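Visitor: I have a chain open and would like to talk it through. Can we start with the core and go from there?

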Amino acid sequence: MTSSDSLETKEKPIATVNSLHTAEDGVPTLTIINKETGETTVIRKDWTDEEEKKLVLKLDFIVIPLLFFAFFLLQLDRGNIGNAYTDTNLTKMLQLNNYRINIASALFSIGIVVFEIPFNVVLQRVSPSVFLSFQILAWSLVAALQSQVTNLAGFYVTRFLLGSMEAGFIPGGLYYLSTWYKRSELGLRHTFYFYGNFTASAVSGLIAAGILKDLSGVGGLSGWQWIFLLEGVVGIGFSFVFFTFLPDSASHPAAFWNTRWFYFNERERRIMRDRVYVDDPAKSVSTRKTNHRDVWKTVKKPIPWLHFLITVSSMQTTAALSSYIPLIIRSFGYGVFESNARSSIPQWASMVLLLLLSFSSKHIKPRGASVAFVLIWQLASQIALRELPADASATARFTALCFLVTSGAIGHVLNTSWLSVNIKNPRERSVALAMLIMAANIGGICGGQILRDNDKPLYRRAFLSLIILDVVSIAAILFTIGFYYHQNRKLAKLFGKVDIEDSREESAEKESTTAESLHETVYVGFNDNGVVDKEEEENALVKKPKYRFIP
(Lines give C-alpha, C1' and ligand atoms only; values in the text may rest on other atoms or scores of the structure.)
Protein backbone atom coordinates (compact mmCIF):
# COMPACT_ATOMS: atom_id res chain seq x y z
CA MET A 1 0.00 0.00 0.00
CA THR A 2 1.15 3.57 -0.58
CA SER A 3 1.62 6.14 2.15
CA SER A 4 -1.65 7.99 2.42
CA ASP A 5 -2.96 11.20 3.94
CA SER A 6 -5.92 9.38 5.44
CA LEU A 7 -6.29 9.48 9.20
CA GLU A 8 -7.42 5.86 9.16
CA THR A 9 -3.83 4.73 8.52
CA LYS A 10 -2.38 6.24 11.67
CA GLU A 11 -2.04 3.01 13.61
CA LYS A 12 -0.65 0.80 10.85
CA PRO A 13 2.24 -1.11 12.45
CA ILE A 14 5.16 -0.78 10.06
CA ALA A 15 8.52 -2.33 10.68
CA THR A 16 11.18 -3.27 8.16
CA VAL A 17 13.10 -0.97 5.85
CA ASN A 18 13.89 -2.41 2.45
CA SER A 19 15.57 0.54 0.76
CA LEU A 20 15.33 4.15 -0.23
CA HIS A 21 15.80 4.55 -3.95
CA THR A 22 15.17 7.20 -6.56
CA ALA A 23 11.99 6.53 -8.46
CA GLU A 24 11.56 7.16 -12.17
CA ASP A 25 10.20 10.64 -11.49
CA GLY A 26 13.30 11.50 -9.46
CA VAL A 27 11.60 11.41 -6.04
CA PRO A 28 13.43 9.35 -3.39
CA THR A 29 11.19 6.49 -2.29
CA LEU A 30 11.47 4.46 0.88
CA THR A 31 9.91 1.00 1.07
CA ILE A 32 9.05 -0.30 4.55
CA ILE A 33 7.96 -3.89 5.16
CA ASN A 34 6.09 -4.90 8.29
CA LYS A 35 7.76 -7.97 9.76
CA GLU A 36 4.74 -8.64 11.93
CA THR A 37 2.13 -8.52 9.17
CA GLY A 38 4.09 -8.62 5.91
CA GLU A 39 2.44 -5.36 4.75
CA THR A 40 4.41 -2.86 2.70
CA THR A 41 4.34 0.93 2.88
CA VAL A 42 6.00 3.23 0.36
CA ILE A 43 7.12 6.71 1.45
CA ARG A 44 7.89 9.31 -1.22
CA LYS A 45 10.20 12.06 0.05
CA ASP A 46 8.66 14.78 -2.10
CA TRP A 47 9.11 17.71 0.29
CA THR A 48 11.93 20.24 0.58
CA ASP A 49 14.16 20.84 3.58
CA GLU A 50 12.83 24.39 3.85
CA GLU A 51 9.25 23.13 3.94
CA GLU A 52 10.18 20.65 6.66
CA LYS A 53 11.96 23.28 8.78
CA LYS A 54 8.89 25.52 8.77
CA LEU A 55 6.70 22.64 9.92
CA VAL A 56 9.16 21.72 12.69
CA LEU A 57 9.18 25.32 13.93
CA LYS A 58 5.38 25.33 13.95
CA LEU A 59 5.41 22.05 15.86
CA ASP A 60 7.82 23.52 18.42
CA PHE A 61 5.40 26.32 19.23
CA ILE A 62 2.56 23.83 19.72
CA VAL A 63 4.13 20.93 21.61
CA ILE A 64 7.09 22.32 23.57
CA PRO A 65 5.20 24.95 25.64
CA LEU A 66 2.62 22.36 26.74
CA LEU A 67 5.23 19.79 27.79
CA PHE A 68 7.42 22.47 29.35
CA PHE A 69 4.63 23.76 31.61
CA ALA A 70 3.49 20.21 32.46
CA PHE A 71 7.01 19.33 33.64
CA PHE A 72 7.12 22.72 35.42
CA LEU A 73 4.01 21.79 37.42
CA LEU A 74 5.30 18.29 38.14
CA GLN A 75 8.50 19.67 39.66
CA LEU A 76 6.60 22.43 41.47
CA ASP A 77 4.31 19.91 43.16
CA ARG A 78 7.08 17.46 44.03
CA GLY A 79 9.63 20.08 45.09
CA ASN A 80 7.52 22.51 47.10
CA ILE A 81 7.79 20.24 50.13
CA GLY A 82 11.25 21.67 50.80
CA ASN A 83 9.75 25.16 50.95
CA ALA A 84 6.88 23.98 53.15
CA TYR A 85 9.37 22.59 55.68
CA THR A 86 10.57 26.14 56.41
CA ASP A 87 7.14 26.92 57.89
CA THR A 88 7.41 25.99 61.57
CA ASN A 89 3.63 25.47 61.74
CA LEU A 90 4.08 22.30 59.64
CA THR A 91 7.19 20.99 61.36
CA LYS A 92 5.71 21.51 64.82
CA MET A 93 2.33 19.97 63.94
CA LEU A 94 3.95 16.81 62.55
CA GLN A 95 6.96 16.95 64.89
CA LEU A 96 9.23 16.59 61.88
CA ASN A 97 12.92 15.78 62.17
CA ASN A 98 15.43 14.54 59.60
CA TYR A 99 14.36 10.93 60.16
CA ARG A 100 10.69 11.63 59.38
CA ILE A 101 11.53 13.90 56.46
CA ASN A 102 13.71 11.15 54.98
CA ILE A 103 10.90 8.59 55.33
CA ALA A 104 8.56 10.93 53.45
CA SER A 105 11.16 11.33 50.68
CA ALA A 106 11.60 7.56 50.46
CA LEU A 107 7.85 6.91 50.24
CA PHE A 108 7.55 9.46 47.43
CA SER A 109 10.34 7.76 45.45
CA ILE A 110 8.97 4.27 46.14
CA GLY A 111 5.66 5.32 44.57
CA ILE A 112 7.49 6.32 41.39
CA VAL A 113 9.65 3.18 41.27
CA VAL A 114 6.67 0.83 41.71
CA PHE A 115 4.55 2.37 38.92
CA GLU A 116 7.18 3.72 36.51
CA ILE A 117 7.30 0.86 33.98
CA PRO A 118 3.61 -0.21 34.28
CA PHE A 119 2.43 3.36 33.63
CA ASN A 120 4.90 3.68 30.75
CA VAL A 121 3.44 0.58 29.08
CA VAL A 122 -0.13 1.81 29.67
CA LEU A 123 0.71 5.19 28.12
CA GLN A 124 1.77 3.48 24.88
CA ARG A 125 -1.40 1.44 24.73
CA VAL A 126 -3.67 4.47 25.02
CA SER A 127 -3.39 7.97 23.64
CA PRO A 128 -0.47 9.90 25.20
CA SER A 129 -2.59 13.04 25.31
CA VAL A 130 -5.21 11.20 27.36
CA PHE A 131 -2.92 9.44 29.81
CA LEU A 132 -0.56 12.36 30.38
CA SER A 133 -3.55 14.66 30.95
CA PHE A 134 -4.97 12.19 33.47
CA GLN A 135 -1.64 12.13 35.30
CA ILE A 136 -1.48 15.92 35.58
CA LEU A 137 -5.01 15.99 36.99
CA ALA A 138 -4.34 13.12 39.41
CA TRP A 139 -1.10 14.41 40.91
CA SER A 140 -2.47 17.97 41.13
CA LEU A 141 -5.46 16.71 43.13
CA VAL A 142 -3.14 14.89 45.53
CA ALA A 143 -0.88 17.96 45.75
CA ALA A 144 -3.82 20.17 46.69
CA LEU A 145 -5.12 17.64 49.24
CA GLN A 146 -1.79 17.81 51.06
CA SER A 147 -3.03 21.13 52.44
CA GLN A 148 -5.56 19.20 54.54
CA VAL A 149 -3.06 16.89 56.23
CA THR A 150 -3.40 16.89 60.02
CA ASN A 151 -1.22 13.98 61.13
CA LEU A 152 1.96 12.14 60.21
CA ALA A 153 0.18 9.12 58.71
CA GLY A 154 -1.79 11.32 56.34
CA PHE A 155 1.40 13.14 55.39
CA TYR A 156 3.14 9.85 54.52
CA VAL A 157 0.15 8.60 52.49
CA THR A 158 -0.08 11.76 50.39
CA ARG A 159 3.65 11.71 49.65
CA PHE A 160 3.41 8.10 48.42
CA LEU A 161 0.32 8.88 46.32
CA LEU A 162 1.95 11.95 44.80
CA GLY A 163 4.96 9.89 43.69
CA SER A 164 2.67 7.17 42.32
CA MET A 165 0.60 9.60 40.24
CA GLU A 166 3.73 11.22 38.78
CA ALA A 167 5.30 7.87 37.83
CA GLY A 168 5.90 7.46 34.12
CA PHE A 169 5.26 11.09 33.17
CA ILE A 170 8.90 12.01 32.47
CA PRO A 171 9.71 9.02 30.19
CA GLY A 172 6.20 9.38 28.75
CA GLY A 173 7.02 12.91 27.66
CA LEU A 174 10.34 11.76 26.20
CA TYR A 175 8.57 8.99 24.27
CA TYR A 176 5.96 11.45 23.00
CA LEU A 177 8.67 13.81 21.72
CA SER A 178 10.37 10.91 19.91
CA THR A 179 7.18 10.29 17.89
CA TRP A 180 7.35 13.83 16.48
CA TYR A 181 11.06 14.58 16.09
CA LYS A 182 14.06 13.16 14.26
CA ARG A 183 17.06 11.94 16.22
CA SER A 184 19.09 15.01 15.25
CA GLU A 185 16.35 17.23 16.71
CA LEU A 186 15.66 15.43 19.97
CA GLY A 187 18.64 16.60 22.02
CA LEU A 188 17.57 20.26 22.05
CA ARG A 189 13.88 19.35 22.59
CA HIS A 190 14.86 17.16 25.55
CA THR A 191 16.63 20.20 26.98
CA PHE A 192 13.56 22.41 26.55
CA TYR A 193 11.44 19.69 28.16
CA PHE A 194 13.73 19.37 31.18
CA TYR A 195 13.88 23.15 31.37
CA GLY A 196 10.37 22.94 32.78
CA ASN A 197 11.87 21.03 35.70
CA PHE A 198 14.73 23.48 36.22
CA THR A 199 12.52 26.56 35.85
CA ALA A 200 10.17 25.24 38.53
CA SER A 201 13.12 24.59 40.82
CA ALA A 202 14.33 28.14 40.16
CA VAL A 203 11.05 29.95 40.82
CA SER A 204 9.48 27.68 43.46
CA GLY A 205 11.53 29.31 46.20
CA LEU A 206 10.43 32.77 45.10
CA ILE A 207 6.78 31.70 44.87
CA ALA A 208 6.92 30.03 48.27
CA ALA A 209 8.64 33.05 49.81
CA GLY A 210 5.82 35.30 48.63
CA ILE A 211 3.10 32.91 49.82
CA LEU A 212 4.67 32.43 53.24
CA LYS A 213 5.07 36.17 53.63
CA ASP A 214 1.68 37.38 52.41
CA LEU A 215 -0.81 34.53 52.88
CA SER A 216 0.13 32.97 56.22
CA GLY A 217 -2.98 33.08 58.40
CA VAL A 218 -5.31 34.20 55.60
CA GLY A 219 -8.58 32.27 55.68
CA GLY A 220 -7.38 30.37 58.71
CA LEU A 221 -4.73 28.54 56.67
CA SER A 222 -1.02 28.44 57.38
CA GLY A 223 1.54 29.39 54.74
CA TRP A 224 2.46 25.76 53.98
CA GLN A 225 -1.22 24.96 53.33
CA TRP A 226 -1.49 27.80 50.83
CA ILE A 227 1.62 26.54 49.03
CA PHE A 228 0.10 23.10 48.46
CA LEU A 229 -3.41 24.37 47.72
CA LEU A 230 -2.57 27.10 45.21
CA GLU A 231 0.01 25.12 43.27
CA GLY A 232 -2.27 22.07 43.18
CA VAL A 233 -5.24 24.08 41.89
CA VAL A 234 -3.12 25.56 39.08
CA GLY A 235 -2.21 22.02 38.01
CA ILE A 236 -5.85 20.92 38.02
CA GLY A 237 -6.75 23.79 35.70
CA PHE A 238 -3.81 23.14 33.38
CA SER A 239 -4.71 19.45 33.01
CA PHE A 240 -7.79 20.51 31.04
CA VAL A 241 -5.74 22.89 28.88
CA PHE A 242 -3.26 20.07 28.20
CA PHE A 243 -6.08 17.65 27.34
CA THR A 244 -7.64 20.20 24.96
CA PHE A 245 -4.58 21.29 23.01
CA LEU A 246 -1.95 18.52 23.00
CA PRO A 247 -1.93 16.88 19.52
CA ASP A 248 -2.25 13.11 19.60
CA SER A 249 0.17 12.12 16.82
CA ALA A 250 1.57 13.22 13.48
CA SER A 251 -1.24 11.35 11.73
CA HIS A 252 -3.84 12.95 14.02
CA PRO A 253 -2.43 16.41 14.86
CA ALA A 254 -5.14 17.41 17.32
CA ALA A 255 -6.44 16.19 20.65
CA PHE A 256 -7.62 12.59 20.30
CA TRP A 257 -11.29 13.64 20.63
CA ASN A 258 -11.00 16.38 18.00
CA THR A 259 -11.87 15.20 14.51
CA ARG A 260 -12.54 18.59 12.91
CA TRP A 261 -9.73 21.05 13.63
CA PHE A 262 -6.13 20.04 12.99
CA TYR A 263 -2.85 21.87 13.42
CA PHE A 264 -1.60 20.58 10.04
CA ASN A 265 -3.30 19.98 6.69
CA GLU A 266 -3.20 16.60 4.92
CA ARG A 267 0.13 17.15 3.15
CA GLU A 268 1.73 18.53 6.30
CA ARG A 269 0.47 15.55 8.32
CA ARG A 270 2.09 13.17 5.85
CA ILE A 271 5.37 15.07 5.92
CA MET A 272 5.46 15.20 9.72
CA ARG A 273 4.87 11.45 9.93
CA ASP A 274 7.01 10.27 7.03
CA ARG A 275 10.06 12.41 7.82
CA VAL A 276 10.38 10.65 11.20
CA TYR A 277 10.07 7.22 9.54
CA VAL A 278 12.73 8.10 6.95
CA ASP A 279 15.03 9.26 9.74
CA ASP A 280 14.43 6.22 11.95
CA PRO A 281 12.29 3.49 10.38
CA ALA A 282 12.18 1.64 13.72
CA LYS A 283 9.79 4.33 14.97
CA SER A 284 7.18 3.06 12.53
CA VAL A 285 6.78 -0.05 14.68
CA SER A 286 3.62 0.16 16.73
CA THR A 287 4.63 0.58 20.38
CA ARG A 288 1.07 -0.19 21.43
CA LYS A 289 2.09 -3.83 21.32
CA THR A 290 4.74 -3.31 23.99
CA ASN A 291 4.43 -6.17 26.48
CA HIS A 292 6.32 -8.15 29.12
CA ARG A 293 8.53 -9.74 26.44
CA ASP A 294 9.81 -6.31 25.39
CA VAL A 295 10.47 -5.45 29.03
CA TRP A 296 12.38 -8.70 29.56
CA LYS A 297 14.31 -8.27 26.30
CA THR A 298 15.43 -4.81 27.47
CA VAL A 299 16.45 -5.71 31.02
CA LYS A 300 18.61 -8.58 29.72
CA LYS A 301 20.86 -6.17 27.85
CA PRO A 302 23.85 -4.47 29.53
CA ILE A 303 23.44 -0.97 28.09
CA PRO A 304 20.40 0.12 30.16
CA TRP A 305 22.08 -1.18 33.32
CA LEU A 306 25.28 0.79 32.70
CA HIS A 307 23.30 4.02 32.47
CA PHE A 308 21.14 2.85 35.37
CA LEU A 309 24.24 2.63 37.56
CA ILE A 310 25.39 6.12 36.53
CA THR A 311 22.03 7.64 37.46
CA VAL A 312 21.38 5.71 40.67
CA SER A 313 24.74 6.76 42.11
CA SER A 314 24.91 10.34 40.83
CA MET A 315 21.32 11.30 41.69
CA GLN A 316 21.75 10.58 45.39
CA THR A 317 23.30 14.02 45.88
CA THR A 318 20.28 15.69 44.29
CA ALA A 319 17.94 13.52 46.37
CA ALA A 320 19.80 14.18 49.60
CA LEU A 321 19.61 17.95 49.13
CA SER A 322 16.24 18.36 47.42
CA SER A 323 14.15 18.53 50.61
CA TYR A 324 16.77 20.38 52.62
CA ILE A 325 18.15 23.23 50.51
CA PRO A 326 15.95 25.97 52.06
CA LEU A 327 16.50 24.47 55.54
CA ILE A 328 20.29 24.31 55.02
CA ILE A 329 20.34 27.92 53.83
CA ARG A 330 18.24 28.91 56.85
CA SER A 331 20.80 27.20 59.11
CA PHE A 332 23.36 29.70 57.76
CA GLY A 333 21.45 32.41 59.67
CA TYR A 334 19.03 33.67 57.00
CA GLY A 335 15.31 34.22 57.65
CA VAL A 336 12.42 32.21 56.19
CA PHE A 337 11.75 34.60 53.30
CA GLU A 338 15.41 35.04 52.36
CA SER A 339 16.16 31.30 52.65
CA ASN A 340 13.43 30.42 50.17
CA ALA A 341 14.39 33.24 47.82
CA ARG A 342 18.09 32.35 47.90
CA SER A 343 17.31 28.68 47.13
CA SER A 344 16.39 29.72 43.58
CA ILE A 345 19.79 31.22 42.73
CA PRO A 346 21.69 27.97 41.93
CA GLN A 347 18.73 26.71 39.91
CA TRP A 348 19.09 29.59 37.45
CA ALA A 349 22.79 28.77 37.15
CA SER A 350 21.82 25.14 36.43
CA MET A 351 19.66 26.24 33.50
CA VAL A 352 22.54 28.16 31.93
CA LEU A 353 24.95 25.24 32.40
CA LEU A 354 22.45 22.75 30.96
CA LEU A 355 21.88 24.87 27.86
CA LEU A 356 25.62 25.21 27.24
CA LEU A 357 26.24 21.48 27.67
CA SER A 358 23.23 20.53 25.53
CA PHE A 359 24.65 22.48 22.59
CA SER A 360 28.24 21.39 23.15
CA SER A 361 27.65 17.70 23.96
CA LYS A 362 26.94 16.87 20.30
CA HIS A 363 30.39 18.15 19.39
CA ILE A 364 32.34 16.75 22.36
CA LYS A 365 33.80 13.30 21.81
CA PRO A 366 33.23 11.03 23.51
CA ARG A 367 29.62 11.93 24.32
CA GLY A 368 30.01 10.60 27.86
CA ALA A 369 32.65 13.26 28.56
CA SER A 370 29.89 15.85 29.08
CA VAL A 371 28.27 13.65 31.73
CA ALA A 372 31.66 13.08 33.37
CA PHE A 373 32.34 16.85 33.41
CA VAL A 374 29.14 17.52 35.37
CA LEU A 375 29.90 14.82 37.95
CA ILE A 376 33.51 15.97 38.35
CA TRP A 377 32.07 19.45 39.02
CA GLN A 378 29.70 17.90 41.56
CA LEU A 379 32.53 15.97 43.21
CA ALA A 380 34.74 19.07 43.51
CA SER A 381 31.84 21.04 45.00
CA GLN A 382 31.13 18.29 47.53
CA ILE A 383 34.75 18.30 48.66
CA ALA A 384 34.84 22.11 48.91
CA LEU A 385 31.64 22.29 50.97
CA ARG A 386 32.70 19.49 53.29
CA GLU A 387 36.16 20.90 53.95
CA LEU A 388 35.02 24.42 54.82
CA PRO A 389 36.05 25.25 58.40
CA ALA A 390 33.35 25.24 61.06
CA ASP A 391 33.65 29.00 61.48
CA ALA A 392 33.29 29.78 57.76
CA SER A 393 31.03 32.72 56.98
CA ALA A 394 27.44 32.31 55.80
CA THR A 395 28.45 33.80 52.45
CA ALA A 396 31.22 31.22 51.95
CA ARG A 397 28.91 28.33 52.83
CA PHE A 398 26.14 29.62 50.60
CA THR A 399 28.56 30.07 47.67
CA ALA A 400 29.88 26.51 48.05
CA LEU A 401 26.30 25.19 48.25
CA CYS A 402 25.39 27.10 45.08
CA PHE A 403 28.24 25.44 43.16
CA LEU A 404 27.06 22.02 44.36
CA VAL A 405 23.37 22.55 43.59
CA THR A 406 24.19 24.02 40.17
CA SER A 407 25.39 20.62 38.93
CA GLY A 408 22.10 19.19 40.22
CA ALA A 409 20.31 16.79 37.90
CA ILE A 410 22.16 17.95 34.77
CA GLY A 411 24.18 14.75 34.65
CA HIS A 412 20.95 12.75 34.68
CA VAL A 413 19.50 14.81 31.80
CA LEU A 414 22.62 14.29 29.67
CA ASN A 415 22.76 10.62 30.61
CA THR A 416 19.15 10.23 29.46
CA SER A 417 19.96 11.61 26.02
CA TRP A 418 23.13 9.48 25.85
CA LEU A 419 21.12 6.32 26.56
CA SER A 420 18.40 7.29 24.10
CA VAL A 421 20.76 7.56 21.10
CA ASN A 422 22.31 4.17 21.87
CA ILE A 423 19.10 2.13 21.82
CA LYS A 424 17.73 1.67 18.34
CA ASN A 425 14.55 -0.30 19.02
CA PRO A 426 11.66 2.06 19.97
CA ARG A 427 10.00 -0.40 22.35
CA GLU A 428 13.24 -1.14 24.14
CA ARG A 429 14.05 2.57 24.22
CA SER A 430 10.80 3.38 26.02
CA VAL A 431 11.42 0.66 28.61
CA ALA A 432 15.06 1.72 29.06
CA LEU A 433 14.07 5.34 29.66
CA ALA A 434 11.55 4.20 32.26
CA MET A 435 14.33 2.19 33.91
CA LEU A 436 16.48 5.31 34.03
CA ILE A 437 13.76 7.33 35.78
CA MET A 438 13.37 4.41 38.19
CA ALA A 439 17.11 4.60 38.83
CA ALA A 440 16.81 8.29 39.65
CA ASN A 441 14.12 7.52 42.20
CA ILE A 442 15.94 4.53 43.68
CA GLY A 443 18.75 7.01 44.13
CA GLY A 444 16.14 9.23 45.76
CA ILE A 445 15.18 6.49 48.21
CA CYS A 446 18.80 5.93 49.22
CA GLY A 447 19.96 9.52 48.99
CA GLY A 448 17.03 10.71 51.04
CA GLN A 449 18.43 8.84 54.06
CA ILE A 450 21.92 10.37 53.99
CA LEU A 451 21.40 13.64 55.89
CA ARG A 452 20.88 12.78 59.57
CA ASP A 453 20.08 14.75 62.71
CA ASN A 454 23.22 13.51 64.48
CA ASP A 455 25.34 14.91 61.63
CA LYS A 456 24.06 18.50 61.86
CA PRO A 457 24.88 21.23 61.03
CA LEU A 458 27.92 20.53 58.84
CA TYR A 459 26.86 17.04 57.65
CA ARG A 460 30.48 15.94 57.21
CA ARG A 461 29.69 12.21 57.26
CA ALA A 462 26.87 12.74 54.78
CA PHE A 463 29.08 14.64 52.35
CA LEU A 464 31.79 11.99 52.63
CA SER A 465 29.22 9.37 51.57
CA LEU A 466 28.14 11.55 48.63
CA ILE A 467 31.79 12.05 47.61
CA ILE A 468 32.27 8.26 47.45
CA LEU A 469 29.11 7.93 45.34
CA ASP A 470 30.35 10.61 42.94
CA VAL A 471 33.59 8.65 42.48
CA VAL A 472 31.52 5.53 41.70
CA SER A 473 29.48 7.52 39.16
CA ILE A 474 32.56 8.83 37.37
CA ALA A 475 34.06 5.32 37.26
CA ALA A 476 30.78 4.00 35.79
CA ILE A 477 30.87 6.67 33.08
CA LEU A 478 34.43 5.82 32.11
CA PHE A 479 33.55 2.11 32.01
CA THR A 480 30.50 2.82 29.82
CA ILE A 481 32.58 4.86 27.38
CA GLY A 482 35.09 2.02 27.19
CA PHE A 483 32.28 -0.50 26.70
CA TYR A 484 30.91 1.41 23.70
CA TYR A 485 34.37 1.70 22.11
CA HIS A 486 34.84 -2.05 22.64
CA GLN A 487 31.48 -2.83 21.00
CA ASN A 488 32.34 -0.60 18.04
CA ARG A 489 35.65 -2.40 17.55
CA LYS A 490 33.80 -5.72 17.46
CA LEU A 491 31.36 -4.33 14.86
CA ALA A 492 34.27 -2.99 12.82
CA LYS A 493 35.86 -6.47 12.73
CA LEU A 494 32.58 -7.98 11.54
CA PHE A 495 31.50 -5.37 9.00
CA GLY A 496 34.49 -3.13 8.44
CA LYS A 497 35.04 0.46 9.44
CA VAL A 498 32.31 3.05 8.95
CA ASP A 499 33.19 6.38 7.37
CA ILE A 500 30.63 8.22 9.52
CA GLU A 501 32.49 9.13 12.68
CA ASP A 502 30.15 11.77 13.97
CA SER A 503 27.17 11.19 16.24
CA ARG A 504 24.08 9.25 15.28
CA GLU A 505 22.07 12.45 15.46
CA GLU A 506 24.32 14.06 12.89
CA SER A 507 24.47 10.98 10.66
CA ALA A 508 20.70 10.66 10.92
CA GLU A 509 20.33 14.20 9.64
CA LYS A 510 22.54 13.40 6.67
CA GLU A 511 20.71 10.18 5.91
CA SER A 512 17.32 11.87 5.96
CA THR A 513 18.25 14.37 3.26
CA THR A 514 19.79 12.21 0.53
CA ALA A 515 18.55 9.10 -1.16
CA GLU A 516 22.02 7.71 -1.72
CA SER A 517 22.97 7.64 1.98
CA LEU A 518 19.90 5.56 2.78
CA HIS A 519 20.12 3.20 -0.16
CA GLU A 520 20.69 0.16 2.00
CA THR A 521 18.87 -2.75 3.62
CA VAL A 522 18.21 -2.24 7.35
CA TYR A 523 15.94 -4.60 9.28
CA VAL A 524 14.10 -3.46 12.40
CA GLY A 525 10.97 -4.52 14.25
CA PHE A 526 9.74 -7.87 15.51
CA ASN A 527 9.28 -10.96 13.43
CA ASP A 528 7.41 -13.68 15.27
CA ASN A 529 5.85 -15.43 12.29
CA GLY A 530 8.70 -15.79 9.76
CA VAL A 531 6.86 -13.80 7.09
CA VAL A 532 9.98 -12.25 5.56
CA ASP A 533 12.77 -14.28 7.14
CA LYS A 534 13.99 -15.64 3.81
CA GLU A 535 13.95 -12.22 2.15
CA GLU A 536 15.75 -10.73 5.13
CA GLU A 537 18.43 -13.40 4.97
CA GLU A 538 19.02 -12.76 1.28
CA ASN A 539 19.11 -8.96 1.57
CA ALA A 540 21.38 -9.05 4.60
CA LEU A 541 24.19 -9.98 2.23
CA VAL A 542 23.60 -6.90 0.10
CA LYS A 543 24.45 -4.19 2.61
CA LYS A 544 26.52 -4.09 5.78
CA PRO A 545 25.03 -2.26 8.77
CA LYS A 546 26.40 1.18 9.54
CA TYR A 547 25.02 1.26 13.07
CA ARG A 548 27.60 2.20 15.70
CA PHE A 549 27.32 3.09 19.37
CA ILE A 550 28.00 6.62 20.60
CA PRO A 551 30.62 6.49 23.40
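**The core and beyond**

Guide: In the largest nonpolar core, which has 84 residues, Tyr 193 and Phe 242 touch the most other members. Helix H1 (residues 49-84) supplies the largest share of this core, 14 residues. A nonpolar core here is a set of buried Ala, Val, Leu, Ile, Met, Phe, Trp, Tyr and Cys residues joined through side-chain atoms within 4.5 Å. Buried means under 20% relative accessible area, exposed over 50%, and partly exposed in between, with a 1.4 Å probe and protein chains only.

Visitor: What is Tyr 193 in contact with, leaving aside its neighbours within four places in sequence?

Guide: With those neighbours left out, Tyr 193 is in contact with Leu 67, Phe 71, Phe 169, Ile 170, Gly 173, Leu 174 and Leu 177. Contact means heavy atoms within 4.5 Å.

Visitor: Before I go on, where does the model come from, and how are residues numbered?

Guide: It is a predicted model, in which local features need pLDDT of at least 70 and side-chain atom pairs count only at pLDDT 80 or more, while totals for chains, interfaces and linings use all residues. Residues are numbered from 1 along each chain as its sequence is written, and side-chain values use heavy atoms, with hydrogens and water left out.

Visitor: Fine. What does the secondary structure come to?

Guide: The protein has 21 helices and three strands. These are DSSP runs numbered from the N terminus, with helices being H or I of at least four residues and strands being E of at least two. Of the 551 residues, 60% are buried. Among contacts with a separation of 6 or more, 78% join residues 24 or more positions apart.

Visitor: How many disulfides are there?

Guide: Zero, taking a disulfide as a pair of cysteine sulfur atoms within 2.5 Å.

Visitor: Cys 402 and Cys 446, buried or exposed or in between?

Guide: Cys 402 counts as buried because its relative accessibility is 12%. Cys 446 is partly exposed because its relative accessible area is 37%.

Visitor: Change of topic. How do H11 and H18 cross?

Guide: The axes of helix H11 (residues 302-322) and helix H18 (residues 426-447) come within 7 Å and cross at roughly 35°. Axes are lines fitted to C-alpha atoms, for helices over the stretch in contact, and angles run from 0 to 180 degrees between N-to-C directions. The crossing is right-handed, meaning that the near helix is turned clockwise from the far one by less than a right angle.

Visitor: Which residues make the contact?

Guide: On the H11 side they include Trp 305, Phe 308 and Met 315, and on the H18 side Met 435, Leu 436 and Cys 446. By class, the contact has 14 nonpolar, six polar and no charged residues. Ala, Val, Leu, Ile, Met, Phe, Trp, Tyr, Cys and Pro count as nonpolar, Asp, Glu, Lys and Arg as charged, and the others, Gly among them, as polar.

Visitor: And Ser 109, where is that?

Guide: Ser 109 is in helix H3 (residues 98-125). Ser 109 counts as buried because its relative accessibility is 6%. Leaving aside neighbours within four places in sequence, Ser 109 is in contact with Asn 441, Gly 444 and Ile 445.

Visitor: What is the phi of Tyr 459?

Guide: Tyr 459, which is not a glycine, has a positive phi of about 55°. Tyr 459 is also in the loop between H18 and H19, and counts as buried because its relative accessibility is 8%.

Visitor: What about Gln 95, buried or exposed?

Guide: Gln 95 counts as exposed because its relative accessibility is 58%. Its phi is positive, near 50°, and Gln 95 lies in the loop between helix H2 (88-94) and H3.
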